[in-house]
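Dear colleague,

Please find the structure below. My notes on it follow.

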Amino acid sequence: MLASKRIFCIFLCMVLFMSIPVFVLAEEETAIQSGDFSFEVLEDGTLCVTEYSGEGTEVYIPSEVDGKVVSTLGDELFWYMKEITSVTLPETLEYIGARVFQSCTSLTEVKLPDGVLEIGDSCFL
């Protein structure tokens, strides 16, 4: 009788265990591609522009992508892109990384938004 109770308990535990729903948590997206830009999702949920692959001379950076605000330009984003003549920055921008516009010898216009809090080293050399 004791053996049959153990078997019943084991069977019952297996049924209960197998009936527990298994949830698969999707990993949060950490990289986004949109147009000529690549973005990294930062810890605060905003975006950092990490790469520009376009060939245009006039660059427009969007203020929002996939419902996320663009807040940062990553280091060396336009580094040595000598063909770029102007860059329009979004009003949502707060941080501009180091050497972002370094050696952009054709660059004649960049309008800095009022909300920029920090500009990295050698940004405009």
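Leaving aside its neighbours within four places in sequence, which residues is Ser103 in contact with? They are Tyr80, Met81, Lys82 and Leu125, where contact means heavy atoms within 4.5 Å.

Please note that this is a predicted model, in which local features need pLDDT of at least 70 and side-chain atom pairs count only at pLDDT 80 or more, while totals for chains, interfaces and linings use all residues. Residues are numbered from 1 along each chain as its sequence is written, and side-chain values use heavy atoms, without hydrogens or water.

Ser103 is located in the loop between β8 (95-96) and β9 (109-111); strands (E, at least two residues) are DSSP runs, numbered from the N terminus. Ser103 counts as buried because its relative accessibility is 17% (buried is under 20% relative accessible area, exposed over 50%, partly exposed in between; 1.4 Å probe, protein chains only). The loop between β8 and β9 also holds Arg99, whose phi is positive, near 55°, in a residue other than glycine. Arg99 is partly exposed, at 27% relative accessibility.

Asp66, in the loop between β5 (64-65) and β6, likewise has a positive phi, near 50°. With a relative accessible area of 60%, Asp66 is exposed.

As to strand pairing (at least two DSSP bridges between two strands), β2 (residues 37-41) and β3 (residues 47-52) are antiparallel over 5 bridges, and Phe37 stands opposite Tyr52 in β3. Their hairpin has 5 residues between the strands, and Gly45 there adopts a positive phi near 90°. Strand β3 also runs parallel to β6 (residues 68-73), with 3 bridges; Cys48 has Thr72 in β6 as its bridge partner.

With kind regards

Methods: Helix = DSSP H or I, 4+ residues; strand = E, 2+ residues; numbered from the N terminus.
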